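Please keep the sequence and the coordinates open while reading.

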Amino acid sequence: MSQKTRPEGATALVTGASKGIGAAVAIALAEDGWNVGVNYRSDKEGAERTVKAIEDAGGKAIAVEGDVSDANGVPDALISKLEDELGPVLALVNNAGITADGLAIQLEDEDWDKVIDTNLTAAFRMTRRAMRPMIKARYGRVINIASVVGPRANAGQSNYAAAKAGLVGFTKTVATEVARRGVTVNAVAPGFIATSMTEDLPDAALDVVPAKRAGTPEEVAAAVRFLASDAAGYVTGSTLYVDGGMSA
Amino acid sequence: MPETVTPEAVETTVRDALVQFGPEPDDIKRDATFEELDVDSLDLAELSQIIEDEYGVKLKGEDVGKIKTVGDAVDLVVQRAG
């Protein structure tokens with residue numbers, strides 16, 4: 001009952017792909033032959049830079065604007081647009097994420113809600129919508145960008161940790177729901193990756209990383225590229241850590 | 001544009017979808033239960049999508065929970081479309 005080879009015209013939607021891990025993932029998937037929807041919330045220039053990098057390398061991509069934390073029809077709008085302009089959306093990378101740090105004792109409701117909405121609830125809404133073309137095609141790849149934070153503590157990030165740990169639980173359950181339709185659902189858990197999200201961290205933060213360096217967005221993208229590939233058709237419900245040994 | 005919603009058309013759509021999910025065509029009768037046909041919640045979720053795409057009739061999770069037989073599904077779609 002399941003399709004083993006990626007269908008013609010298959011498109012990947014990467015949320016939050018204007019910079020950092022998202023941009024690197026979009027570029028890596030395009031290198032592997034996916035058409036790519038480069039989603040952004042407000043950084044249109046960044047998204048267009050990503051699209052240009054993909055096109056310069058011979059790939060196909062368009063920038064698609066939408067705030068994934070907005071409950072009003074954003075998933076349908078993004079996916080329908082990509083279906084019309086590029087092809088069926090058969091890979092979804094739920095990468096869009098924000099932080100709003102503070103100790104739990106001082107965290108405002110607003111800071112809790114917005115991190116949960118963008119990092120977890122948005123992934124659910126996007127996945128719910130993306131499942132439709134994937135189940136129909138008997139082929140799909142959902143990759144949720146989780147984090148070492150969640151399974152592991154990080155003081156000051158209880159909201160982020162809750163969202164990311166939730167994302168792992170979501171990944172496992174949805175994976176079992178749709179596995180027999182050839183749709184895989186996995187998580188990638190980056191550790192400390194050199195992006196704007198981590199640029200203010202002190203060097204001492206790397207003391208707990210056996211590799212003694214931050215990872216690069218390209219190293220995370222390589223993991224996503226594998227999970228999105230035909231070769232990873234039997235990998236589902238799993239979490240792939242890209243963290244220089246931090247979680248070992 | 002949604003297809004014309006006659007009981008016969010809906011029954012054909014439901015039958016064609018169910019065959020994809022595994023049951024033998026001869027077993028798909030109006031009074032056959034989904035349980036007898038080994039059709040589970042994922043199959044019914046996909047059937048709901050097919051029906052929505054074909055007839056514009058949206059079947060929610062709670063609807064799907066109530067329909068037990070092929071006939072139930074057909075009748076619900078015809079009722080909702082009418």
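Between which two elements of chain A does the loop that holds K212(A) lie? The points below begin with the answer.

1. K212(A) sits in the loop that runs between β6 (183-190) and α6 (217-228) of chain A. This is a predicted model, and everything that follows should be read with that in mind. The phi angle of K212(A) is near 55°, which is positive although the residue is not a glycine. K212(A) has 10 C-beta neighbours inside 10 Å and therefore counts as exposed, the limit for that class being 12 or fewer.

2. D38(B) is placed in the loop between α1 (7-21) and α2 (41-55) of chain B. Its count of C-beta neighbours inside 10 Å is 11, so D38(B) is classed as exposed.

3. As for the overall build of chain A, there are six helices and seven strands. Read from the N terminus, the order of elements is β-α-β-α-β-α-β-α-β-α-β-α-β. The radius of gyration of chain A is 17 Å, close to the 18 Å that the globule rule gives for 248 residues, so chain A is as compact as a globular protein of that length. The C-alpha trace spans about 50 × 40 × 40 Å along its principal axes.

4. Two figures describe the interior and the contacts of chain A. Of its 248 residues, 47% are buried. Among contacts between residues at least 6 apart in sequence, 71% join residues at least 24 apart.

5. How do helices α3 and α4 of chain A pack, and at what angle? Helix α3 (residues 74-85) and helix α4 (residues 109-137) meet at an angle of about 45°, and their axes are 9 Å apart. That angle makes α3(A) oblique to α4(A). The crossing of α3(A) past α4(A) is right-handed. On the α3(A) side the contact is made by P75(A), D76(A) and I79(A), and on the α4(A) side by R125(A), M126(A), R129(A) and A130(A). Four of these contact residues are nonpolar, none is polar and three are charged.

6. Helix α3 of chain A also contains E85(A). With 13 C-beta neighbours inside 10 Å, E85(A) counts as partly exposed. The C-alpha atom of E85(A) is separated by 9.6 Å from that of A61(A), a residue 24 positions apart from it along the chain.

7. Helix α4 of chain A has a further packing partner, helix α5 (residues 158-178) of chain A, with an angle of about 15° and axes 9 Å apart. The two helices are therefore roughly parallel to each other, since angles under 35 degrees fall in that class. The crossing of α4(A) and α5(A) is right-handed.

8. Which residues make the contact of α4(A) with α5(A)? From α4(A) they include W112(A), V115(A), L120(A), F124(A) and I135(A), and from α5(A) they include Y160(A), L167(A), F170(A) and V178(A). The residues of this contact divide into 15 nonpolar, four polar and two charged.

How values were computed. Residues are numbered from 1 along each chain as its sequence is written. Chains are lettered from A and ligands numbered from 1 in the order in which they are written. This is a predicted model: local features need pLDDT of at least 70, side-chain atom pairs count only at pLDDT 80 or more; totals for chains, interfaces and linings use all residues. Axes are lines fitted to C-alpha atoms, for helices over the stretch in contact, and angles run from 0 to 180 degrees between N-to-C directions. Helices (H or I, at least four residues) and strands (E, at least two) are DSSP runs, numbered from the N terminus. Angles under 35 degrees count as roughly parallel, over 145 as roughly antiparallel, 65 to 115 as roughly perpendicular and the rest as oblique. A crossing is left-handed if the near helix is turned anticlockwise from the far one by less than a right angle, and right-handed if clockwise. Two residues are in contact if their C-beta atoms, placed from the backbone, lie within 7 Å. Ala, Val, Leu, Ile, Met, Phe, Trp, Tyr, Cys and Pro count as nonpolar, Asp, Glu, Lys and Arg as charged, and the others, Gly among them, as polar. A residue is buried if 20 or more other C-beta atoms lie within 10 Å of its own, exposed if 12 or fewer, and partly exposed in between; C-beta atoms are placed from the backbone. The radius of gyration is taken over C-alpha atoms; the globule rule is 2.2 Å times the number of residues to the power 0.38.
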